[in-house]
Amino acid sequence: YFARRKEIAYITENNKLLFETQGEAFLLRRFRIGGGFTYRPKLYEYHTFKALYSDNGIGSIISDEFNPDYFNNNNNRQRHLTLQYDFALDKRDIRPYPLNGFLTSWLLQKDGVGITDDVNALSLRAKWVQYYSFTDKISAEFFLKGKTEFFRKNKQPYTHVSALGYAEDFLRGYELYVVDGIDFGLLKTSFRYEIFKKEFNFGKYMPIHQFKLMPIRVYFTLNSDVGYVNAPFYDNYGFLNNKWLWGGGLGLDFVVYYDKVFRIQYSINDLSEHGLFIHFKLSL
């Protein structure tokens, strides 16, 4: 993997990412190479082992003037070897939008194994997602995830403290915020009621055979999330660190062609902020 960017999110302030550009100069360079293998002794069980080498760089203006802790100690280059072990047990009925079953995964990751001492971190991420169908139309999802860092005495670089607000790890109602720290816990719950189910036939108007029939299901959802981020070194990053957070609201989930999910959610958080948010997941 190789990438260069002219814009960089260089620090978190008031739980918002701050970005910087310097004309046509590249402020971020990322290089990563690695490999691994997956062992699958049973139908639903996966063991994945990976080794990765990363070499990242930033413009000197970022480390000198904007955030000396981006790589720590005013460094503008970071190199490290990463070892990962990932265990997953997946017994969901339909992966894109499950109604029954569960998924659990455990990721143990060591950043910094010999070679260089730019990073020294050992973390564990664990996830459990449970799905229940109470009737043909009523179902529920419980999403529990957490992360802990074992090396707690030294301050980790800014690149290694991402917690809530990234990828799937967010609270509804807090989509516009990020919360950084070394540990976090997140519980997301959603109760769903199917209000619409139909299959549309486009016939001759759809030239692609696989898309002639479009099944669609619509669910009304009631959502409630709680989360916490432990940030002993990062109080200056925002006011949402080191406190319990709540967010939730109402929504509509559209499941199209079985594996494409669009969510429209009206959410509120415990800051009394509210708004309409759109999420989507495409299995491409």
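The lining of the largest cavity has 7 nonpolar, 1 polar and no charged residues, where Ala, Val, Leu, Ile, Met, Phe, Trp, Tyr, Cys and Pro count as nonpolar, Asp, Glu, Lys and Arg as charged, and the others, Gly among them, as polar. Among the residues that line this cavity are Leu 164, Gly 165, Phe 170 and Leu 245; a cavity is a set of points, on a 1 Å grid over the protein atoms alone, where a 1.4 Å probe fits but cannot get out, and lining residues have an atom within 4 Å of a point.

This is a predicted model, in which local features need pLDDT of at least 70 and side-chain atom pairs count only at pLDDT 80 or more, while totals for chains, interfaces and linings use all residues. Residues are numbered from 1 along each chain as its sequence is written, and side-chain values use heavy atoms, with hydrogens and water left out.

Asp 90 is buried, with a relative accessible area of 7%, buried meaning under 20% with a 1.4 Å probe and protein chains only. The side chains of Asp 90 and Arg 95 are joined by a polar contact of 3.1 Å, that is, a pair of N or O atoms within 3.5 Å, of which, within protein, one must be able to donate a hydrogen and the other to accept it, and residues adjacent in sequence count only if both atoms are side-chain atoms.

Two values describe the protein as a whole.

| Property | Value |
|---|---|
| Box filled by the C-alpha atoms, along the principal axes | roughly 60 × 50 × 40 Å |
| Buried share of the 284 residues | 43% |

Conventions
Buried means under 20% relative accessible area, exposed over 50%, partly exposed in between (1.4 Å probe, protein chains only). On a 1 Å grid over the protein atoms alone, a cavity is a set of points where a 1.4 Å probe fits but cannot get out, and a pocket is an open set with protein on both sides within 12 Å along at least five of seven lines; lining residues have an atom within 4 Å of a point.
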